[in-house]
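Please keep the sequence and the model in view while reading.

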Amino acid sequence: MRYSIGVDIGGTKVAIAVVDADGKIIEQTKLPTDLSISPRELIVRINEAIEHLIKKSYIEMEQMIGIGIGAPGPLDSRNGKITCPPNLPNWVDVPIVAWMNEKWKIPIRLENDANAAALAEKWIGAGVGVNHFVYVTVSTGIGTGIIADGKLLHGRKGNAGDIGHTVIDPSFGKCTCGQYGCLESIASGTAIAKRGSDIMGRELTTKEVFDLYQQKEGAIVELIDRIFRVLGVACVSIINTFDPEKIIIGGGVSNVGATLFNAIQDYVSQYALNPTGRTTEVVPAKLSQGAGVVGAAALCFEVMSDSE
Ligand code: ADP
Ligand code: ZN
């Protein structure tokens, strides 16, 4: 059996796992993303954690085919650099692959986290056997990983698919990026909590806003129905652009379940441009826990071997 190591760097924690060639997690651990220390120091801690995991799993180094790293964008996956992610403010131009290669003499690959999650879905999730799909994460932000013609779409530096900053409806106001009405500023978990809290005049979590929606709280119903429409608009644009077989939605907000999926599917069935587009399935991601590390580990395996 061959194994790889997945490292998922998030804004709050780094998840690390030894994963086998079937996508099964053999050993895993977590450490806090300590932003009070330098990226160099955190990478030393990550290396120590990897060393510890390898020992604990009793797997020979010869069986480890590589290390895959998933990290928030923007990054430069071709040159193995994390460039300027808003969630990791002190990680500016960090050549993480080169630094980790000082310790590990196996191939190390870097991808943005949405791309890694898309690969995990392709490998062992809702994208198995599907050569055209778009994975959309609706979480703290909104991002996508695009599998087009059986390949992960990278773009120039590995940042393709950053749909969160596509303008959908400027009347929703200014986004952190400076534009008005970006998808992420309307429909991410963060945005939903903020908009719901503003309406109700008290601090609410995203889940609490959806609970009020289920309880048919008038102003919240209006808000969420608009947000569902906005997510539908985004999915129609994705369908019209990439002609996928499926849209797979993951991320914390996808836990809302059927209400969200039905609303988006309904919008897609009416407004996608071509008749086959209108039948595009909108389905939940299969991997929730562990999608990040499994996707990172997937970077080392030939997940696309069944491509057209
Ligand atoms: P991250 O963005 O760090 O990867 P998640 O994918 O878990 O994290 O997304 C976090 C977002 O999802 C938060 O805005 C959170 O409020 C929201 N969320 C988590 N669980 C639910 C739920 N059951 N219903 C609605 N929103 C949820
Ligand atoms: Zn924006």
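## Ser185 and its surroundings

In this predicted model, a polar atom of the Ser185 side chain lies 2.8 Å from the backbone oxygen of Cys182. A polar contact is here a pair of N or O atoms within 3.5 Å, where, within protein, one must be able to donate a hydrogen and the other to accept it, and where residues adjacent in sequence count only if both atoms are side-chain atoms. Ser185 belongs to helix H4 (residues 183-187); helices (H or I, at least four residues) and strands (E, at least two) are DSSP runs, numbered from the N terminus.

With a relative accessibility of 15%, Ser185 counts as buried, given that buried means under 20% relative accessible area, exposed over 50%, and partly exposed in between (1.4 Å probe, protein chains only). Leaving aside residues up to four places away in sequence, Ser185 touches Cys175, Ala191 and Arg195, contact meaning heavy atoms within 4.5 Å.

Residues are numbered from 1 along each chain as its sequence is written, while chains are lettered from A and ligands numbered from 1 in the order in which they are written. Local features need pLDDT of at least 70 and side-chain atom pairs count only at pLDDT 80 or more, whereas totals for chains, interfaces and linings use all residues; side-chain values use heavy atoms, with hydrogens and water left out.

## An open sheet and the helices on it

An open sheet of 5 strands has the order S10-S9-S8-S11-S12 and mixed pairing, where two strands pair if DSSP finds at least two bridges between them. Its edge strands, each pairing on one side only, are S10 (151-152) and S12 (281-284). Strand S11 (residues 246-250) pairs with S12 in the parallel sense over 4 bridges, and Ile248 has Val283 in S12 as its bridge partner.

Helix H3 (residues 113-124) packs on this sheet, touching S8 (133-138), S9 (142-148), S10 and S11, and its direction makes about 50 degrees with that of S9. Helix H7 (residues 218-242) lies across S8, S9 and S11 and runs at about 155 degrees to S8. For these angles, axes are lines fitted to C-alpha atoms, for helices over the stretch in contact, and angles run from 0 to 180 degrees between N-to-C directions.

## A hairpin and an enclosed helix

Strands S2 (residues 13-20) and S3 (residues 25-32) run antiparallel and are joined by 7 bridges, with Ile16 standing opposite Thr29 in S3. Between the strands of this hairpin there are 4 residues, and Gly23 takes a positive phi near 85 degrees.

Helix H9 (residues 291-298) is largely enclosed by the rest of the structure, because 7 of its 8 residues are buried. The buried residues of H9 pack against S1 (3-9), S2, S3, S4 (64-71) and H3.

Most residues other than glycine have a negative phi, and most peptide bonds are trans. The peptide bond from Gly73 to Pro74 is cis, with omega near -5 degrees, and Pro74 is placed in the loop between S4 and S5 (75-76). Lys216, in the loop between H6 and H7, has a positive phi near 60 degrees and counts as exposed at 66% relative accessibility. Asp243, in the loop between H7 and S11, has a positive phi of about 50 degrees and is partly exposed, at 47%.

Gln214 lies in helix H6 (residues 206-214) and is partly exposed, with a relative accessible area of 45%. Gln214 and Thr259 are 45 residues apart in sequence and 9.2 Å apart in space, C-alpha to C-alpha, and their side chains are joined by a polar contact of 3.4 Å.
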